[in-house]
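Hi everyone, thanks for coming. Please have a look at the model on the screen, and then I'll walk you through it.

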Amino acid sequence: MLVATALAILAAASLLHHGLSSRATPTSFEAMLARNARRMAIPADARKQQNPVLATADNLRDARLHFADHCAICHGNEGTGDTMIGKGLYPKPPDLRAAGTQKLSDGELFWIIENGVRFTGMPAFGGTHGSEEDSWKLVRFIRHLPQLSTDERLEMERHNPKGPGDRKEETEEEDFLRGAPVQQKPESPHHH
């Protein structure tokens, strides 16, 4: 009872000090609580699962392109979490290359991909974005992130989602390189 009261007081003090802002950096106490809560939330049998997907070049490429299209928006192509969206989340996405992530078992990584992490920006992808095999391939790719080559990162950039403005700019660049006539933008009348 005393320990629970002390934890509640520490949590309340942290909340009052930092408010509800997602700009704050989690305290070491919050990080420790989150790691322990995550560990307790992942079933023991899930932690013991072995990756059935081989680390072939094709499987890594499939996972790399899947990651670029679905995961990089928060985690970044290199897995740093240093993206516009990642910076705005609380807690921030972990650096997937760092020891804290790389020390997780394959089963833990798979479980997190499939089930998400409550009270964070990590959604559950199980049953909504492909198959379990895709999630196991992503585990292989996460293991590969510390060795990601420049060529692999550049390939990922070509597969990152693009907005209408990005697509229009690419089309204009391609037209220019092909020698197509450049269309002048109509001048917009300014009304004051």
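F110 is buried, with a relative accessible area of 7%. Buried here means under 20% relative accessible area, exposed means over 50%, and partly exposed is in between, using a 1.4 Å probe and protein chains only. W136 also counts as buried, at 5% relative accessibility. Before I go on, please remember that this is a predicted model, where local features need pLDDT of at least 70, side-chain atom pairs count only at pLDDT 80 or more, and totals for chains, interfaces and linings use all residues. Residues are numbered from 1 along each chain as its sequence is written, and side-chain values use heavy atoms, with hydrogens and water left out.

So, how many aromatic pairs does the structure hold? There are 2 aromatic pairs. Rings of Phe, Tyr and Trp (its six-membered ring) pair if their centres lie within 6.5 Å; planes under 30 degrees apart count as stacked, over 60 as edge-to-face and the rest as tilted.

Let's take F67 and F141. Their ring centres are 5.1 Å apart and their planes meet at 55 degrees, so this pair is tilted. F67 sits in helix α4 (residues 57-70) and F141 in helix α9 (residues 132-144), so the pair ties together parts that are 74 residues apart in sequence. Helices, by the way, are DSSP runs (H or I, at least four residues), and strands are DSSP runs too (E, at least two), numbered from the N terminus. F67 is buried, at 3% relative accessible area, and F141 is buried as well, at 0%.

Now back to F110 and W136. The centres of their rings are 4.1 Å apart and the planes are at 5 degrees, so this pair is stacked. F110 belongs to helix α8 (residues 106-115) and W136 to helix α9, so the pair ties together parts 26 residues apart in sequence.

What about the whole chain? The protein chain has 11 helices and 0 strands, and buried residues make up 27% of its 192 residues. Take contacts, meaning heavy atoms within 4.5 Å. Among those between residues at least 6 apart in sequence, 60% join residues at least 24 apart.

Where is I85 found? I85 is in helix α6 (residues 84-88), and I85 is partly exposed, with a relative accessible area of 36%.
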